[in-house]
Amino acid sequence: MRSITLGSALLLLSMPLLAEPMAMPPSAQLCGTCHGPTGQGVEPLGPRLAGLSTEYITQQIKLFQTGQRQNVSMTPMSMVLQGDAIKPVADYFASQEVPEVTVHLRGEAAVYSDPTQELVYQGDWDRMIPACVTCHGPSGVGGGQFPRLAGQQASYIKTQLLAWQAGTRKGDVDAMMGSIANKLTADEIDALAKYFAEIK
Amino acid sequence: MNHVKSLRSALIALVGLCVPSLVIAAELPDKQAELQVKPKSEDTVYLNPREMSAIPQGAFGDKVRQGYQLFVNTQQLRGKYVGNELNCSNCHMDAGRKPNASPLWAAYMAYPAYRKKNDKVNSFQDRIQGCFTYSMNGQAPANGSEELVALSAYSYWLAMSGLMDQYQVAGEVPELSDAELLKGGKREDFALPAAVKAAMNIDELAKLPGRGFPPIDKPELAYSPERGATVYQAHCQACHGDDGQGLAIAGVYSLPPLWGPQSFNWGAGMHRVNTAANFIYENMPFGKSIQLTNQQAWDVAAYINSKDRPQDPRFKGDVEALQKQYHNHQGYYGQSVNGGAVLGSQSYPVNPDKK
């Protein structure tokens with residue numbers, strides 16, 4: 001608790017005050033420096049949080065706290081939120097708006113000329129890679145424990161897939177995402193990161 | 001038993017059956033009977049259909065592509081032929097291409113098939129209709145309809161392109177008429193390239209490796225929904241939800257419901273514990289980051305199939321009679337699990353209107 005107060009005091013200096021759809025809990029102000037006051041992300045300081053669910057945000061904070069996710073800036077930040085303090089902050093960011101995208105459904109097209117789109121909408125089952133959108137939802141808009149990929153920063157998407165490959169990101173149930181990330185080539189990771197980042 | 005409710009479901013079932021343009025016998029045939037397929041073996045080589053981009057341009061190719069689209073996004077037929085939130089590809093994975101997930105290419109070459117049970121020859125379109133009626137809890141499109149032609153064209157193209165590549169036959173997949181497409185490939189007058197004909201006879205073609213869901217060994221302990229609940233929580237709940245109702249994102253149930261009103265009905269093959277166990281062992285958890293044990297697959301199959309779901313469309317008001325006639329297999333229809341209501345006595349409606 002002490003560190004939050006300290007953090008927010010520091011932060012107020014640099015943060016423009018905006019009218020919010022949901023009032024910002026004081027404990028979320030610190031987060032705004034790197035994630036933006038409405039969680040839209042500040043590249044390269046921190047990824048977008050808007051568009052993620054309370055459930056997912058809460059779970060990720062716990063993963064940073066327990067070392068299953070590691071990051072020099074975010075690991076210490078996760079420590080400032082303990083117990084009941086997590087939920088209001090998670091709720092706040094989860095309630096923030098994201099640009100609406102016209103979703104593309106699986107089966108809407110039969111043939112994709114771009115191999116990246118093929119991976120996204122049809123997968124590559126010879127390598128046991130299911131279509132990304134099966135879990136992340138149409139156009140990767142996300143829901144529940146499946147994070148939104150649409151419009152996320154490309155650099156962040158890339159570092160996450162690489163983190164799984166390096167073994168520094170864990171904690172997904174039965175390694176359901178890790179086992180997929182491990183099968184992707186470096187070129188595919190670049191292309192996928194770019195593809196999802198451009199869905200706006 | 002709740003008579004009002006069963007009467008209602010019976011009425012709904014009846015209304016569903018009476019749509020005039022759809023020729024369905026008053027007695028719905030058991031089109032979901034178990035397949036007899038060989039267990040899996042390690043060194044099997046599976047048929048490998050061509051890439052989607054190889055589908056030719058033109059009217060025939062359009063049917064093939066439409067078949068794919070209907071198979072993957074079957075929800076476009078919701079309220080018309082589909083009465084739940086599923087898509088064909090939820091069970092026939094990788095859009096019906098994946099071996100050991102009841103692939104369409106193997107299925108296509110196995111019909112028309114003679115069925116002792118109703119002393120009738122089932123064509124490929126008959127078999128597809130079965131999955132609409134039961135797995136999709138809907139009302140099957142009529143014989144010869146655009147949808148059945150498209151789904152047959154897609155299945156045929158997968159089978160034939162795979163066979164041609166396997167036996168080095170160059171060129172496009174030969175086009176077939178709609179009437180021929182609907183029959184299936186297991187017939188003497190089915191046009192096959194000479195190289196394929198020389199390599200495999202009609203019975204071998206009807207049993208392509210990878211067909212159906214390969215049977216797994218019987219469990220060491222009798223399967224148990226109670227133990228299955230634990231497996232469910234650990235390995236399934238993350239995706240299918242704590243209540244088995246799946247997860248809709250942007251209105252689409254990419255993570256499909258496993259029981260309840262929006263899942264397959266009591267007549268579907270997947271409600272049998274053994275069929276579900278075979279499917280689950282081979283295909284779940286989705287993406288296969290872990291492999292369940294035999295016992296876990298049986299137990300969790302029992303768990304999901306001990307929950308209520310839409311009524312068996314052959315239901316005429318008497319659960320016990322239906323249970324005796326059609327449910328002499330490993331399943332929970334007509335039984336009470338843990339002192340709950342008899343399954344089937346309060347089941348959800350068949351083919352409900354989407355609204």
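How many residues does the contact take from chain B, and how many from chain A? The contact takes 28 residues from chain B and 30 residues from chain A. Please keep in mind that we are looking at a predicted model.

Let's stay with that contact for a moment. The size of an interface is often given as the accessible area lost when the parts come together. For chain B and chain A, the buried area is about 2400 Å², and carbon and sulfur atoms give 66% of it. As for salt bridges between chain B and chain A, the count is 0.

Now, chain A by itself. Chain A has 200 residues, and buried ones make up 50% of them. You will find 10 helices and 0 strands in chain A. The accessible surface of chain A comes to about 9500 Å², with 61% of that belonging to carbon and sulfur atoms. Here is something about how the chain folds back on itself: if you take the contacts in chain A between residues at least 6 apart in sequence, 60% of them join residues at least 24 apart.

Chain A is divided into two parts, domain 1 (6-94) and domain 2 (115-197). Their centres, taken over C-alpha atoms, are separated by 23 Å. Where these domains of chain A touch, 17 residues come from domain 1 and 16 residues from domain 2. Between them they bury about 1400 Å², with 43% of it on carbon and sulfur atoms. Which three residues of domain 1 of chain A supply more of that side's buried area than any other three? They are R48(A), Y56(A) and R69(A), and they supply 37% of the area that domain 1 of chain A buries against domain 2. The count of salt bridges between these two domains of chain A is 0.

Over to chain B. Its domain assignment gives domain 1 (52-206) and domain 2 (215-326). Here the centres, again over C-alpha atoms, are 25 Å apart. The contact between them takes 15 residues from domain 1 of chain B and 20 residues from domain 2 of chain B. The buried area is about 1400 Å², and carbon and sulfur atoms give 56% of it. On the domain 1 side of chain B, E85(B), M93(B) and Y134(B) lose the most area to domain 2, together 40% of what that side buries.

Let's go inside. The largest nonpolar core has 94 residues, and Y108(B), M109(B), F132(B), Y154(B), Y156(B) and I280(B) have the most contacts inside it. Helix 6 (residues 146-166) of chain B gives the most to this core, with 13 residues. Why does the core lie between domain 1 and domain 2 of chain B? Both domains give residues to the core, so it lies between them.

Leaving aside neighbours within four places in sequence, Y156(B) is in contact with several residues, including F60(B), Y108(B), V173(B) and F190(B). Apart from this core lies another, of 27 residues, among them C132(A), I157(A), A181(A) and I199(A).

Next, helix 13 (residues 294-304) of chain B. Of its 11 residues, 9 are buried, so helix 13 is largely enclosed by the rest of the structure. W298(B), D299(B) and Y303(B) are among those buried residues. They pack against helix 10 (225-235) and helix 12 (273-283) of chain B.

Last topic: charges. Side chains of opposite charge can pair when their charged atoms come close. Over all chains, a search of the whole structure finds 17 salt bridges. In chain A, K87(A) pairs with D91(A), their closest N and O atoms being 2.7 Å apart. Both lie in helix 5 (residues 86-94) of chain A, 4 residues apart, about one turn of the helix. D91(A) counts as partly exposed, because its relative accessibility is 21%.

In chain B, R78(B) and E85(B) meet in a salt bridge at 3.2 Å, N to O, and both are buried. R314(B) counts as buried at 7% relative accessibility, and D312(B) is buried at 0%. Finally, back in chain A, salt bridges that share partners join D124(A), R127(A) and E188(A) into one network.

Notes
Residues numbered from 1 in each chain as written. Chains lettered and ligands numbered in written order. Predicted model: local features only at pLDDT ≥ 70, side-chain atom pairs only at ≥ 80, totals over all residues. Heavy atoms only, no water. Core = buried A, V, L, I, M, F, W, Y, C linked by side-chain atoms within 4.5 Å. Buried < 20%, exposed > 50% of the residue type's maximum accessible area, 1.4 Å probe, protein only. Helix = DSSP H or I, 4+ residues; strand = E, 2+ residues; numbered from the N terminus. Domains from an automatic or database assignment. Contact = heavy atoms within 4.5 Å. Areas by Shrake-Rupley, 256 points an atom, 1.4 Å probe, with all protein chains shown as cover. Buried area = accessible area lost by both parts, 1.4 Å probe. Salt bridge = Lys/Arg side-chain N within 4 Å of Asp/Glu carboxyl O.
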